[in-house]
Amino acid sequence: MMTSLECKNPQTDPRIIHAQSIKKCINPTPKNIAFFNNLITLYSNSKHHSSALQLFHSIPCPNTVTWTSIISAFSNSPLAITLFLSMLRHPTKTLPNAHTFATLLKTCASLPSNSLGPQLQSLSFKLSLSENPFVRSAFVSLYCKTRDLDSAQKVFDEMSDRDEVCFAAIINGLALNKRPIEALQCFVEMRRQNVSSTLHSVSGVLRAVSNAAVLEQCRVVHGHALVTGLDLNVYVGTALIGGYGKCGLVEEARRVFDELEIGLNLAVWNAMMAGYAQQGRKDDVLELFRSMESRGIEPDEYSFLAILTAFYNAGMAMETEMWLNRMKNQYKLEPRIEHYTCLVGAIGRAGRIEEAERVALTMPYKPDAAVWRVLLTSCGNNANADIGWRMSEKLLEIDSEDDSAYVILANVFASAGRWDEVKKLWKTMREKGVRKEVGRSWVEVRGDVHVFFAGDRRHARKDEIYAKLTYLKEEIEKLGYVPNWDEMLHELEEKEKGDMLWYHSEKLAVAFGLLSGVTPLGKPLRIIKNLRICKDCHEVFKYISTVEEKEIIVRDVHRYHRFLNGSCNCGDFW
């Protein structure tokens with residue numbers, strides 16, 4: 001009789017093995033069940049799922065491994081749940097083990113309903129499997145993927161023995177759910193407990209620091225990866241490239257990219273191209289794209305998303321459309337809605353608002369909030385209030401509490417001098433209970449993050465910050481600076497408007513960054529903002545870069561702005 005080892009050979013055809021066993025009259029019994037369990041797995045690995053299921057149904061005495069094998073075969077299908085329920089109801093009273101639970105929880109994470117998680121967790125308690133680190137890690141991953149972070153954190157906190165798998169699960173879960181600081185804290189706690197780092201925990205924490213754009217922490221984790229020998233792992237390398245790219249340090253990202261020369265895969269190329277694309281460096285993106293093709297690596301939709309993003313950020317509508325057509329016609333790839341969003345934005349940025357709207361309405365996807373938002377922003381940049389109103393209505397149809405629909409439209413009306421409509425919009429927001437997202441900016445200094453809000457006076461160096469602002473205002477006025485009131489309510493007193501405008505969070509952050517001992521000499525000042533930088537702050541930073549002879553890099557919700565010698569790389573359009 002063939003051994004189980006034969007079934008584990010990936011080059012062996014399971015149909016041949018099965019046929020030979022039938023010829024030899026080998027039928028499933030408790031003694032040879034391991035052979036058939038392995039055969040189910042081999043069928044599954046060979047993509048013969050129907051044959052795996054047929055074989056499973058021919059086994060009269062399935063054990064826990066048998067059930068787990070067939071559940072694993074259909075882990076990407078709701079059938080896995082049905083099979084699990086059949087297992088619990090089977091006359092043999094076969095009970096699941098830790099591997100069964102871990103496999104099933106992966107299935108649950110892909111289902112639209114989240115109700116099974118708590119039920120399975122209760123069952124794990126009854127079966128005394130709740131303390132198994134493998135099972136607990138799977139529950140953490142499930143709750144994170146279903147965005148139930150409170151439950152994920154509770155499971156993690158109740159673990160008496162946390163290993164590297166458990167920590168990796170919670171770190172990645174927090175990072176994926178936009179809680180980067182907590183993910184970083186978990187990583188620090190993991191190291192404090194002397195739990196070994198893995199490629200999963202390191203790549204997860206790098207994803208977190210890149211989302212928060214905390215450059216120094218990215219460098220610290222990079223150093224840790226070097227010490228542990230994980231820096232040349234392709235997953236960690238990809239995360240490092242993404243981290244440095246999102247922190248605006250594409251040159252550092254390129255150095256990591258070049259060091260991964262041997263192990264480069266498509267994901268690494270895409271990460272590097274995305275870093276360049278975010279800054280509108282189209283030539284660098286195209287250079288990488290052609291180099292990738294010359295090595296026989298075929299681009300995918302993410303490769304083209306980087307190209308389209310680069311041309312969109314560079315304000316080149318014709319090239320954006322050309323590359324979208326090449327993607328479809330030459331490379332036979334179907335563009336996603338994100339690709340069309342780039343085209344809509346590029347055409348709208350060029351001032352062709354009606355044409356951009358036609359593209360949005362005729363593309364093979366129903367426009368989502370991102371499409372209408374980019375169109376609405378284009379209306380603001382071109383002071384087209386009438387179309388802006390229509391775009392805002394479309395945005396509110398998708399989400400009636402989307403504050404950006406009101407805020408951007410209010411700015412459109414303000415730019416057009418239609419102040420009555422501005423006041424009506426703010427009144428409507430108040431009546432509907434829609435709250436504008438609070439603007440905040442932050443600066444990282446030696447690992448500490450300093451956060452500022454508009455008019456903020458909580459900082460320990462507040463007196464120095466406001467004195468620096470006063471000095472900067474006097475100096476840039478000598479160069480011709482005039483406040484931009486476009487986005488301020490006109491009925492406010494001039495001094496009140498001036499105070500509100502001058503004490504924006506990003507201005508406070510820049511003033512702090514320019515204080516003695518904050519930003520090292522010769523290094524650019526880096527600011528992160530959660531919203532779009534306003535027109536006045538954008539103009540002010542151009543002047544400040546001249547007065548202070550300092551490079552200022554601001555990452556807002558749209559893109560990177562690099563202010564140097566009185567100009568910005570965005571071309572005053574974002």
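This is a predicted model: local features need pLDDT of at least 70, side-chain atom pairs count only at pLDDT 80 or more; totals for chains, interfaces and linings use all residues.
**View 1**
Let's start with Ser441, which stands opposite Lys529 in strand S3. S1 (residues 440-445) and S3 (residues 525-529) run antiparallel and are joined by two bridges. S2 is another partner of S1: these strands pair in the antiparallel sense over six bridges. Within that pairing, look for Glu444, whose bridge partner in S2 is Val449. Two residues lie between S1 and S2 in the hairpin they form, and Arg446 in the turn has a positive phi of about 50°. Five of the six residues of S1 are buried, so the strand is largely enclosed by the rest of the structure.

Is His459 buried or exposed? Its relative accessibility is 16%, and because the cut-off for buried is under 20%, His459 counts as buried. Leaving aside residues up to four places away in sequence, His459 touches His450, Phe452, Ile465 and Phe512.

**View 1. Helix H21 under cover.**
Helix H21 (residues 337-349) has 13 residues, which at 1.5 Å a residue should span 18 Å; the end C-alpha atoms are 18 Å apart, so the two values agree. Twelve of the 13 residues of H21 are buried, leaving this helix mostly covered. Among the buried residues are Ile337, Tyr340, Cys342, Leu343 and Arg349. After H21 comes Gly351, with a positive phi near 90°.

**View 2. Confidence along the chain.**
The average pLDDT of the protein is 86, and 95% of the residues score at least 70. Among the elements of the protein, H20 has the highest mean pLDDT (96), while helix H1 (residues 4-7) has the lowest (42). Over residues 1-10 the pLDDT stays under 50, and the model has 17 contacts beyond four places in sequence for this stretch. Residues 489-493 also have pLDDT below 50, with nine contacts in the model beyond near neighbours in sequence.

Technical notes:
Residues are numbered from 1 along each chain as its sequence is written. Side-chain values use heavy atoms; hydrogens and water are left out. Buried means under 20% relative accessible area, exposed over 50%, partly exposed in between (1.4 Å probe, protein chains only). Contact means heavy atoms within 4.5 Å. Helices (H or I, at least four residues) and strands (E, at least two) are DSSP runs, numbered from the N terminus. The expected span of a helix is 1.5 Å times one less than its number of residues. pLDDT is the predictor's confidence in each residue, from 0 to 100. Two strands pair if DSSP finds at least two bridges between them.
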